[in-house]
Amino acid sequence: MTYRGWRRSAGPRRTELDHQRRLADDHTHGPDFHVIVTGSGAVGTTLDSLRAQTWPTWRVSVAGSGTSDDPRIEFGVDPTAALVDGESTDLVVVLDAGDSLRPDAVFQVVDLAWSSPDCKLVHWDDDLTGHSDPRFRPSWSPHTLLSANYLGRSFALRRSLVIAAEGRGLVGSDLDIWTLLLTAGLDTSSALRIPSVLATVGRRPDPVPDGSAEMVAAVLAERGVAARAVEGPGRIEYLWELEERPTVSIIIPTRHNRAMIGPCLSSIAAADVEGVDVVVIDNGERTAANEDWYRSFDLDLVVEWSTDVPFNYSAVNNKGVSLTRGEVLVFLNDDTEVLDVGWLDELVGLSIQPTTGVVGVQLLDPEGRIQHGGVVMGIRGFADHLFAAMKPGDHTLLGPTTWYRDSSSVTGACMAVTRKKFELFGGFDERFELCGSDVALGLEALGHDLFNIVTPRHLVMHHESATRENW
């Protein structure tokens with residue numbers, strides 16, 4: 001199916017629109033919906049889309065000149081003044097002249113805001129003029145927003161927040177818009193998503209405009225995050241400046257597959273391993289030669305042999321945790337290789353944040369393609385990897401692959417979590433013998449109102465399924 005075909009099938013039916021109009025006739029409650037129109041494009045297209053709305057409680061302030069018999073439409077208005085003119089509970093959205101809203105857009109936004117007392121922002125999906133290049137957005141993702149403005153300008157904001165910012169942001173530069181979003185005090189309960197393409201826009205704001213690193217650095221400093229913001233490829237990323245890195249324990253299950261775990265251990269030893277202990281749970285044959293082989297690695301290494309029990313991925317990792325002392329736990333498959341000497345700084349810096357659950361990495365396969373960009377529920381019936389088999393930097397319906405991502409979970413092939421949180425989540429569920437306990441652990445983190453983060457930095461390579469095929 002083409003996108004246009006999908007868009008037609010996914011849009012509201014005439015019966016739905018008629019139902020919304022009947023509700024509008026019977027009820028007039030709800031916040032006012034105020035549209036600010038700027039720019040020199042086809043303002044008539046924007047106004048026509050508003051006149052077609054099923055919910056009539058809206059008004060428009062147009063920056064350009066013109067006339068209208070509709071009392072809801074006012075021309076020649078200073079956009080900044082219009083932003084602060086009205087009730088604090090109003091919902092304000094800024095459109096470029098020529099942008100258009102789907103006929104049920106105002107109804108959907110007002111209905112959600114009315115039914116959610118804590119709502120401060122409502123955002124939606126959009127596409128570009130001509131119904132091309134759709135952008136599907138996740139639910140509230142604060143770590144994605146720290147790396148790029150993934151919301152664009154497809155959102156409605158409570159006027160109280162606009163007034164608090166003295167009107168700055170919504171009609172300012174692309175950097176102003178992003179700054180407003182990062183400083184508005186939004187969270188999961190106040191930033192709500194409508195999973196529909198409600199707008200067609202002429203352009204989206206630059207997600208990482210000039211001056212972004214300085215702006216994000218100021219936000220991090222205000223929040224007390226010990227990291228320096230720097231420009232990365234298509235994103236802002238962090239250089240962690242921890243006064244002292246917490247101790248780290250790395251847990252690796254294997255069946256004495258030297259061809260895999262050998263490069264894995266060598267790559268760990270070649271990186272910064274100060275304050276790091278490594279525990280290998282080996283389900284293979286215990287011999288003097290195998291034990292001597294492990295001693296050849298320049299690591300603080302403990303090998304636990306488990307040849308007398310059937311392999312259970314969850315139980316093996318839980319056992320590994322019991323043998324460690326680190327404040328941060330890093331789980332690795334034996335078919336992984338560290339690609340960046342600073343890999344632990346990124347994993348530790350992200351995992352110790354109070355709002356973080358588990359942390360994963362955008363893993364690469366040996367051909368340089370993405371093997372894992374986060375775990376998404378519902379793909380192929382249960383859960384699967386985001387961006388699998390795509391090239392780093394590819395453009396997707398969810399935006400470029402270069403952004404940090406808040407995800408349902410992350411793969412246990414490379415996962416970091418603090419020991420305290422791991423214990424809070426109950427460890428890996430041992431009812432999952434081979435697959436699924438990493439997903440369940442991430443969902444447990446979500447249940448504790450924490451965020452699971454995937455860094456887009458290519459820190460680790462994964463020979464996908466090599467470990468599984470060895471059991």
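**Figure 1. A salt bridge joins Arg457 and Glu346.** In this predicted model, the closest N and O atoms of Arg457 and Glu346 are 3.3 Å apart. A salt bridge is counted where a side-chain nitrogen of Lys or Arg lies within 4 Å of a carboxyl oxygen of Asp or Glu. The two partners come from distant parts of the chain, 111 residues apart: Arg457 is in the loop between β24 (451-455) and β25 (460-462), and Glu346 is in helix α13 (residues 343-351). Helices (H or I, at least four residues) and strands (E, at least two) are DSSP runs, numbered from the N terminus. Arg457 counts as buried at 14% relative accessibility, and Glu346 is buried at 0%. Buried means under 20% relative accessible area, exposed means over 50%, and partly exposed lies in between (1.4 Å probe, protein chains only). Residues are numbered from 1 along each chain as its sequence is written. Local features need pLDDT of at least 70, side-chain atom pairs count only at pLDDT 80 or more, and totals for chains, interfaces and linings use all residues, while side-chain values use heavy atoms, with hydrogens and water left out.

**Figure 2. Arg7 and Asp127 form a salt bridge.** Their closest N and O atoms are 2.8 Å apart. The pair links distant parts of the chain, since Arg7 belongs to helix α1 (residues 3-10) and Asp127 to strand β6 (residues 121-128), 120 residues apart. Asp127 is buried, with a relative accessible area of 0%. In total, the structure has 25 salt bridges.

**Figure 3. A network of salt bridges links Asp96, Arg153, Asp174 and Arg203.** Within this group, the side chains of Asp96 and Arg153 meet at 2.7 Å, N to O. Asp96 lies in strand β4 (residues 91-96) and Arg153 in the loop between α6 (142-147) and β8 (155-158), so the bridge ties together parts that are 57 residues apart in sequence. Arg153 is buried, with a relative accessible area of 13%.

**Figure 4. Phe331 and Phe428 make an aromatic pair.** The structure holds 12 aromatic pairs. Rings of Phe, Tyr and Trp (its six-membered ring) pair if their centres lie within 6.5 Å; planes under 30 degrees apart count as stacked, over 60 as edge-to-face and the rest as tilted. The ring centres of Phe331 and Phe428 are 5.0 Å apart and the planes stand at 75°, so this pair is edge-to-face. Phe331 is in strand β15 (residues 328-332), and Phe428 is in the loop between α14 (419-425) and α15 (437-447), 97 residues apart. Phe331 is buried at 0% relative accessible area, and Phe428 is buried at 2%. Phe428 also pairs with Phe422: their centres are 5.5 Å apart and their planes are at 70°, so this pair too is edge-to-face. Both Phe422 and Phe428 are buried.

**Figure 5. Ring pairs link Trp293, Tyr294, Phe297 and Trp305 into a cluster.**

**Figure 6. Met377, Phe382, Leu443 and Leu446 make a nonpolar surface patch.** The patch covers about 320 Å². Patches are made of residues with over 30% relative accessible area and no salt bridge: like charges are joined within 9 Å, and nonpolar side chains (Val, Leu, Ile, Met, Phe, Trp, Tyr) within 5 Å. Accessible areas come from the Shrake-Rupley method with a 1.4 Å probe; for residues, only the protein chains shown count as cover. Leu446 lies in helix α15 and is partly exposed, with a relative accessible area of 33%.
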